[in-house]
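Dear colleague,

I am handing over the structure below, together with a written account of what was found in it. Please have the view open while you read.

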Amino acid sequence: TPLQRMSPSTTWRLIYLQVFEARKEIRETGYYTAIKSVNPSRVFVVRKDQDIYIQTLRKLFNESHGIFIGLQRSEEELAGKSRKAQLVQVSKNYRSVIRACMEDMHQAASKFVSILSAMELIWNLCEILFVEAAAAGPLLLRLLDWVRLHVCDVDNMVREVLSSENPSKHELFWNVVDVFVLQGRMDEARHLLAKEASANPTSVNMYKTLDDLMKKMPVPSLGNTQTLTEMELKWQHWHEECQRYLQDGTFASNSHMESICKILLGDEDAILEKKELLATWYQFLVTRLLYSHPTVKPMELRFYAQSSMDLFLGGESSPEPLDTILMAAFEFEMHQVIKECSIALSNWWFVAHLTDLLDHCKLLQSHNLYFGSNMREFLLLEYASGLFSHHSLWQLGVDYFDHCPEYGRVYLELHIERIPLNTEQKALKVLRICEQRQMHEQVRSICKIMAMKALRNNRLGSALSWSIRAKDAAFATLISDRFLKDYCERGCFSDLDLIDNLGPSMLLSDRLTFLGKYREFHRLYGEKRFSEAAKLLLMLMTAHIAPCSFWMTLLTDALPLLEQKEVIFSAEQTYELMRCLEDLTAGKSDKQKFQDDDVETMKVEMLRLALARNLARVIVKEGTLEGS
């Protein structure tokens with residue numbers, strides 16, 4: 001059984017799920033299983049909050065997320081009836097999601113059905129009392145609908161009787177009639193009684209009298225077509241008429257019909273005789289109100305609720321957690337409802353969304369917690385934090401944090417940093433979220449992590465791309481060096497598309513600028529734009545953009561330009577190249593020169609020869625031009 005434990009402080013936190021070896025008493029309510037005793041020596045930790053993420057409950061989280069976001073974005077300007085109608089509809093939308101998940105779980109025979117059933121039962125009552133805030137009159141009609149929707153224990157019996165060949169002769173016939181009367185389903189009860197009357201012609205008048213009483217029973221109106229005073233007067237006259245027939249002994253010859261008449265009069269003993277058909281104290285409460293105080297006011301509910309629970313339980317058993325929650329609702333103790341639900345239910349979804357809705361109803365404005373945030377934000381933060389522990393639901397948690405004005409941003413920053421970036425696609429999702437919220441520190445952190453991963457896997461293009469997004473000059477320099485090293489070893493560049501389209505990003509670091517410009521030199525050379533290529537090559541050396549270790553490579557790249565039929569380098573440019581070559585060779589120590597291999601020595605000699613030959617050609621060419 002999933003349970004929730006309280007921390008020592010005033011806050012509530014889900015610690016873990018436990019399985020207890022216990023003696024259980026299963027009450028036939030369809031809502032929960034009551035654990036009557038627990039063996040503390042046989043407690044097993046199953047797993048940390050994982051069961052709530054099964055597929056069906058993921059549907060609950062995903063669909064309720066859309067409702068939540070819609071509520072946050074709704075028109076706050078709506079006031080009065082329009083705003084209330086909107087909030088009631090939001091509440092119904094939440095309940096429809098719970099019910100849809102319950103139906104899916106019924107098919108899968110899931111253990112979570114009873115929890116979801118209890119959640120919907122509590123939510124529906126809160127909707128009636130807090131969100132809709134039903135007034136006297138309509139309040140009873142709403143409570144009747146609430147009981148009919150959630151008390152389903154007798155439905156199988158009703159179906160069995162109605163589907164039989166002769167329902168009036170069925171052994172459970174009168175039980176079904178009583179169920180309809182107890183739930184205020186008068187038309188259905190009268191329909192069954194008509195069948196019984198046709199089978200017993202001698203008792204037709206008695207049946208007709210009871211049918212008339214049931215037909216004339218006054219009920220509150222939703223359309224405000226009558227005042228409460230008018231309703232109470234009609235009900236009093238009808239009640240007196242029922243009393244007369246009972247005292248006259250009209251139904252004395254039929255114990256079933258006499259019992260029904262007593263129920264119509266609100267006789268508590270007669271209603272409690274049908275205890276096995278009522279199943280719960282709150283159904284007894286609604287039946288009792290229907291036949292004794294149909295115009296009950298909201299603030300009177302607490303007294304009737306407490307006495308109904310005492311009468312129904314009769315000291316035989318103590319209230320269960322669900323009873324405590326419902327009683328708190330009838331007493332209009334909203335904070336107690338939230339507290340009890342957070343203890344009794346196994347996840348934060350329910351209390352977070354219910355509290356948010358109540359907050360939008362302006363019912364929790366005055367309740368701030370000691371650390372600055374209000375109850376709504378505290379519960380939403382806890383729920384969203386739980387979502388972040390799941391590999392895909394974390395994306396929903398982002399939006400919940402967004403709507404927590406006090407601490408949402410801080411929580412989001414902390415949780416974002418803990419998301420495992422298993423794939424580049426996931427990293428891009430997280431990055432997009434951070435960029436949309438101007439979380440610059442997290443953006444840099446993610447990019448650095450992904451750049452390091454790419455570099456370790458020798459994916460230089462991806463590593464460079466991530467380092468540019470991180471605006472990390474040092475790392476961009478490191479990767480640029482790796483690109484240049486690879487070029488020296490292989491004679492070609494990888495990831496040409498990326499390098500060709502660096503644009504302004506190449507200004508992030510000198511080495512990256514050099515990499516971009518050096519690639520541009522190769523492109524110009526490939527397009528046979530030799531003069532432009534020569535100018536760029538010389539600029540890379542004379543402006544000291546190129547690392548000294550790469551000068552020999554640049555000078556070697558100048559060889560094909562020096563050997564072109566057409567003179568490319570001017571005398572001045574040739575002198576600059578000569579100076580660069582001398583600087584390069586002069587900068588080496590004797591030890592380095594000794595260690596240079598024959599290939600390097602040959603390169604230097606070839607360069608000197610090519611430069612001398614080019615200088616001679618330039619002098620001749622320039623002298624010829626001057627002479628002409």
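**What was found**

Asn 458 is partly exposed, with a relative accessible area of 47%, where buried means under 20% relative accessible area, exposed means over 50%, and partly exposed lies in between (1.4 Å probe, protein chains only). Please bear in mind that this is a predicted model, in which local features need pLDDT of at least 70 and side-chain atom pairs count only at pLDDT 80 or more, while totals for chains, interfaces and linings use all residues. Residues are numbered from 1 along each chain as its sequence is written, and side-chain values use heavy atoms, with hydrogens and water left out.

Asn 458 also has a positive phi, near 60°, although this residue is not a glycine, and its place is in the loop between helices α22 and α23 (460-470); helices (H or I, at least four residues) and strands (E, at least two) are DSSP runs, numbered from the N terminus. Gln 438, likewise not a glycine, has a positive phi of about 50° and sits in the loop between α21 (424-436) and α22 (440-456). With a relative accessibility of 49%, Gln 438 counts as partly exposed.

For the chain as a whole, there are 31 helices and two strands, and buried residues make up 49% of the 628 residues. Among contacts (heavy atoms within 4.5 Å) with a sequence separation of 6 or more, 65% are between residues 24 or more positions apart. The accessible surface of the chain comes to about 30800 Å², of which 52% belongs to carbon and sulfur atoms; these areas come from the Shrake-Rupley method with a 1.4 Å probe, and for residues only the protein chains shown count as cover.

The largest nonpolar core has 198 residues, and Trp 146 and Leu 264 touch the most other members; such a core is a set of buried Ala, Val, Leu, Ile, Met, Phe, Trp, Tyr and Cys residues joined through side-chain atoms within 4.5 Å. Helix α3 (residues 113-131) gives the most to this core, with 14 residues. Leaving aside residues up to four places away in sequence, Trp 146 touches several residues, including Leu 121, Leu 125, Ile 128, Leu 326 and Phe 330.

Leu 326 and Phe 330 are among the buried residues of helix α15, which spans residues 321-330 and is mostly covered, with eight of its 10 residues buried. The buried residues of α15 pack against α3, α4 (138-150), α13 (281-292), α14 (301-313) and α16 (334-344). Just after α15, Phe 332 takes a positive phi of about 60°.

Helix α26 (residues 510-526) has 17 residues and reaches 24 Å from its first C-alpha to its last, close to the 24 Å expected at 1.5 Å a residue, the expected span being 1.5 Å times one less than the number of residues. Its buried residues include Leu 512, Phe 514, Tyr 518 and Arg 519, and just after the helix Lys 528 takes a positive phi of about 60°.

Finally, the structure holds zero disulfides, a disulfide being a pair of cysteine sulfur atoms within 2.5 Å. The sulfur of Cys 126 lies 6.7 Å from the closest cysteine sulfur, which belongs to Cys 341, and this is too far for a bond. Cys 126 is buried, with a relative accessible area of 1%, and Cys 361 is buried too, with a relative accessible area of 16%.

With kind regards
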